[in-house]
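Q: I am new to this structure and would like to learn how to read it. Please take me through its features one at a time.

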Amino acid sequence: MTCEVCEILKNERLVVYRDGQIVVLHNPHPFNNGHLIITISSHKSIDEIDKSLFIELMGTAKKFTAILQRVYNPHGFNIGISLKPHVYIQLVPRWSGDVSFVTLFYNIKVVPETIEDSINRIKSAVREAWPLS
Ligand SMILES: [Zn+2]
């Protein structure tokens with residue numbers, strides 16, 4: 001069985017940020033603008049990584065909450081954490097009323113910005129927030 005996260009990691013254009021083993025990618029099927037996947041570069045589960053790396057993943061989610069707040073000014077955030085087979089965090093900006101009638105009745109999500117535009121805006125905010133990283 002192929003790993004969905006490993007498949008996404010192969011797509012370099014989705015990468016927003018890298019720091020050591022940590023990789024932040026834009027979700028190729030975003031629920032909202034700025035829907036990010038925060039993961040590690042190797043295919044490992046929660047049982048196979050050190051606690052310090054898991055804490056680093058959570059710290060990266062905290063940092064990107066600030067970045068997305070700056071770029072999109074959402075009303076809130078949701079995170080989802082997958083532990084096996086490949087540990088990753090989904091970080092989703094949320095706006096009140098963001099589940100529209102289109103989503104409810106046609107199961108289609110309208111994302112008003114292209115993934116490329118989202119990636120460029122987020123990368124630009126990262127460069128502004130951490131100019132030397
Ligand atoms: Zn994997």
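Q: Which exposed residues does the face of H2 turned away from its buried side carry?
A: In this predicted model, that face carries Lys51, Ser52, Ile55, Lys62 and Ala66.

Q: Which residues of H2 are buried, then?
A: A residue counts as buried if 20 or more other C-beta atoms lie within 10 Å of its own. In H2, Leu57, Thr60, Phe64, Ile67, Leu68 and Val71 are buried. They cover an arc of only 95 degrees around the axis, so they lie on the same side of H2.

Q: What do the buried residues of H2 pack against?
A: Their partners are E2, E3, strand E5 (88-94) and helix H4 (115-129).

Q: Why does Lys63 count as partly exposed?
A: Partly exposed is the class between buried, at 20 or more neighbours, and exposed, at 12 or fewer. Lys63 is a residue of helix H2. It counts as partly exposed because it has 18 C-beta neighbours inside 10 Å. Lys63 and Val126 are 63 residues apart along the chain, and their C-alpha atoms are separated by 9.5 Å.

Q: How is the length of H2 read?
A: The span from first to last C-alpha is set against the span expected at 1.5 Å a residue. Helix H2 covers residues 51-72, which is 22 residues, and reaches 31 Å, close to the expected 32 Å. Just after H2, Asn73 takes a positive phi of about 50 degrees.

Q: What is the secondary structure of the protein chain as a whole?
A: It comes to four helices and five strands. Along the sequence, the pattern is α-β-β-β-α-β-β-α-α. The protein chain has 133 residues, of which 23% count as buried. Among its contacts with a separation of 6 or more, 58% are between residues 24 or more positions apart.

Q: How are the strands arranged, and in what order?
A: In general, strands of a sheet pair through backbone hydrogen bonds, either parallel or antiparallel. Here there is an open sheet of five strands in the order E1-E2-E3-E5-E4, and the pairing is antiparallel. E1 and strand E4 (76-82) are the edge strands, as each pairs on one side only. On average, neighbouring strands of this sheet are turned by 15 degrees against each other, direction ignored.

Q: How many bridges join E1 to E2, and where does a given residue find its partner?
A: Strand E1 (residues 15-19) and E2 run antiparallel and are joined by four bridges. Val15 has Leu25 of E2 as its bridge partner. E1 and E2 form a hairpin with two residues between the strands, and there Gly20 takes a positive phi near 60 degrees.

Q: Why is E2 described as largely enclosed by the rest of the structure?
A: Strand E2 spans residues 22-26, and four of its five residues are buried, so the rest of the structure largely encloses it.

Q: Which strands do the helices lie across?
A: H2 lies across E2, E3, E4 and E5, at about 20 degrees to E5. H4 lies across E1 and E2, at about 35 degrees to E1.

Q: How do H2 and H4 pack?
A: Two packed helices are described by the angle between their axes and the distance between the axes. For H2 and H4 the angle is about 115 degrees, and the axes are 9 Å apart. Their crossing is right-handed. The contact is made by Ile67, Arg70 and Val71 of H2 with Arg121, Ile122, Ala125, Val126 and Ala129 of H4.

Q: Which residues of H4 are buried, and which are exposed on the face turned away from them?
A: The buried ones are Ser118, Ile122 and Ala125. These cover an arc of only 60 degrees around the axis, so they are on the same side of H4. Exposed residues Glu116, Asp117, Arg127 and Glu128 are on the face turned away from the buried side. The cover over the buried residues of H4 includes E1, E2 and H2.

Technical notes: Residues are numbered from 1 along each chain as its sequence is written. This is a predicted model: local features need pLDDT of at least 70, side-chain atom pairs count only at pLDDT 80 or more; totals for chains, interfaces and linings use all residues. Two strands pair if DSSP finds at least two bridges between them. The expected span of a helix is 1.5 Å times one less than its number of residues. The arc is that of the directions from the helix axis to the C-beta atoms. Two residues are in contact if their C-beta atoms, placed from the backbone, lie within 7 Å. Axes are lines fitted to C-alpha atoms, for helices over the stretch in contact, and angles run from 0 to 180 degrees between N-to-C directions. A crossing is left-handed if the near helix is turned anticlockwise from the far one by less than a right angle, and right-handed if clockwise.
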